[in-house]
Amino acid sequence: MALSVDEAVSTGPAGDHTPPSRRFGGRGRAVLEVALLTVLAVVMLFPVLWMIETSIKENRDVYAIPAKFFDFKVTMEHFKDVFVASGGGRSTLSASFLNSVLVAGVSTALATVLGVPAAWAYSRFAVKAKKDQLFFILSTRFMPPVVVVIPIFLMYRQVGLIDTKLGLILIYTAFNVPFTIWMMKGFVDEVPAEYEDAAMLDGYTRLQAFRRFTLPLLLPGIAATAVFALIFSWNEFVFAIFLTSSDDVRTAPPAIAGLIGGTTVDWGLVAAASVVFALPVLVFAYLVRKHLVAGVTLGAVRR
Amino acid sequence: MGTVAVRGLRKSFGKVQALDGVTLDIPDGSFFVVLGPSGAGKTTTLRAIAGLEQLDAGSVHLDGRDATGDSPAARDLAMVFQNYALYPRHTAYENIASPLRARRCSSSEIAAAVERMSSLLHIEGLLQRRPAQLSGGEMQRVALARALVRHPRAFLMDEPLTNLDLKLRVEMRTELTRIHRSLGATFVYVTNDQVEALSMADQVAVLREGKVQQVGTPAEVYERPANQWVAGFVGSPPISLLACHAEGDRLVGAEGWTLPRPRWTTAEDGRPLLLGLRAEDLSVEQRGDASLPGELYGLEPLGDRTVVDVRVGTQILKVKARTTVTGTPGERLLVTVDLDRAHLFDAGTGLALSEAGR
């Protein structure tokens, strides 16, 4: 997600804010564009670069004043510390990474399993007050998590879901289902209903028709949607920090945040943990790009 | 057996009444064409028969049995869709085999049936291709093969030739008639093309705004249109309609002309009527005792014949003539009318006057 935002912002100013009367020639304009883009790239990428640098610096270099940009000693100690506890054995951070994998994975799977059939139904069937229902579903995403986190906290306390992985999975699923329904409805709309009609006349039931003929065409869309849901669950911070407290339940975002704030902060460890945390998102963001471009293959229907 | 009957079908989409009490009886083995302009409810009727549409009211009977609530699969029908709806990830072979796979036929049976169909429709060389690699005409044949590969109660065809170019369309018309004759099965065929309807059908049902206007053989629909609308919709160039009324033994036109009153009309004097005259029942070349004075408005040479537009009063009559006909616009001429083949409609209701005496 962050990547696409960068792109959208960086291409904007050069094109839009040049008044026609003062328009530069092709060359001057190109130079300005490159200059602006470079400034933006540096501003956006410097923190990332600094994080990566810090994660491979020795502690001495991390705290050096003035800061060392180039001549520092490379070490993998911080990355080792992310996964291995100081006395040997697994670190608490590695446990929270596993929790993140579990919570994000299960909630995404649940949201996909619930959301895809729902999207199909909303796309194919005459549902009463369909538009109102879809708006209601979307409206659950209008409010930022911070607004609802207190009521959710109180409800979770009542039913004993506080500080459980199941609680996090449920809340992330609840947030991802509307998203999945809306994304997938667009993809299902793109697949002509005639494939299912034809399959039913061939002798298949409605569900068989969906599973055999529509579902395969939806796979790229499902992949893209699932990746977005996964990134949301993986990055989620507010619910995670409010609804969990113990180390064996915490997911990575609050766990990393928890490293900051003691009397001394091990910045090398924070940076290394952040790098490890960011990698899956980068990989998945890349995959989303490919899938979104690919879209749904439409074959044999003349329009 | 393969009779299809629908009784009082009603279906609305929002505020649009797509079907407004459609009742049809489709005999076993017939080539039954449902004809109408777009939006008439033809496709909805077909989808209702197939079980793809939830009806507001009415029933569907297959072989005399009420099948209204049955699933499409249980109805034992095959359908060709306007856009073919070939499965894009399957080869032509797999597309054709699909109805047999769904019914769990053995692979040797499937191979034999697909081979039979592909030679019938001349698509042997295309079986390993995917729909995206096929031309429109080839997709059409594969879609047809997928429908014909089984022996269902009836075949439903939703404007299957609309997306083909003219030459292919004419070719496939002949082909479909041939296939229908060789199978002897019931075909329910939806089209907005009257030429298809007249050339292929045993029976035609003309539909307009969700209501059946007329059911009959192509000749009946053409020669005895039930109302002014059917007369105008069927036939090319369209029928010319002139306002008039009867007066003793004369028909007096609103434009001032008079014609002998056809023997068979029963209309009382003074009742407002519409005289319907088809282009081929008019002539500018022959002389007869029934004729209308007019002036030449224009010539439309069509190759095999020429359509002469003649202005009578404020109205334009379309007259079919030989290609040798000549003239200059504005020239005065007489149009001879074959009154035995003329049609009279009530100007108020649009219904055809009784032709019992004819």
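Here is a short chat about the two chains of this predicted model.

Q: Before we start, what should I know about the model and its numbering?
A: It is a predicted model, where local features need pLDDT of at least 70, side-chain atom pairs count only at pLDDT 80 or more, and totals for chains, interfaces and linings use all residues. Residues are numbered from 1 along each chain as its sequence is written, while chains are lettered from A and ligands numbered from 1 in the order in which they are written.

Q: Okay, how is chain A divided?
A: Into domain 1 (1-55) and domain 2 (92-294); those bounds come from an automatic or database domain assignment.

Q: And how many residues does each domain give to the contact?
A: Domain 1 of chain A gives six residues and domain 2 of chain A gives eight. Two residues are in contact if their C-beta atoms, placed from the backbone, lie within 7 Å.

Q: Which element gives the largest share on the domain 1 side?
A: Helix H2 (residues 26-55) of chain A, with four residues. Helices (H or I, at least four residues) and strands (E, at least two) are DSSP runs, numbered from the N terminus.

Q: What classes of residue are on that side?
A: The side of domain 1 of chain A that touches domain 2 has four nonpolar, two polar and no charged residues. Ala, Val, Leu, Ile, Met, Phe, Trp, Tyr, Cys and Pro count as nonpolar, Asp, Glu, Lys and Arg as charged, and the others, Gly among them, as polar.

Q: Switching topic, how many residues do chains A and B each put into their contact?
A: Chain A puts in 19 residues and chain B 26. On the chain A side, helix H9 (194-202) and helix H10 (206-235) are the elements that give two or more residues, and H9(A) has the largest share, seven residues. By class, that side of chain A has eleven nonpolar, four polar and four charged residues.

Q: Nice. Where does UniProt put transmembrane regions in chain A?
A: The unreviewed entry lists several, among them residues 30-52 and 166-184 of chain A. UniProt positions are in the numbering used here, feature names are shortened, and annotations may be inferred rather than shown by experiment.

Q: What do those two spans look like in the model?
A: Residues 30-52 of chain A are 100% helix, with end C-alpha atoms 31 Å apart. Residues 166-184 of chain A are also 100% helix, and their end C-alpha atoms lie 25 Å apart.

Q: Last one: which strands does S1(B) pair with?
A: S1 (residues 4-13) of chain B pairs with S2 (residues 16-26) of chain B, antiparallel over eight bridges; strands pair if DSSP finds at least two bridges between them. S1(B) also runs antiparallel to S4 (residues 57-62) of chain B, joined by five bridges.
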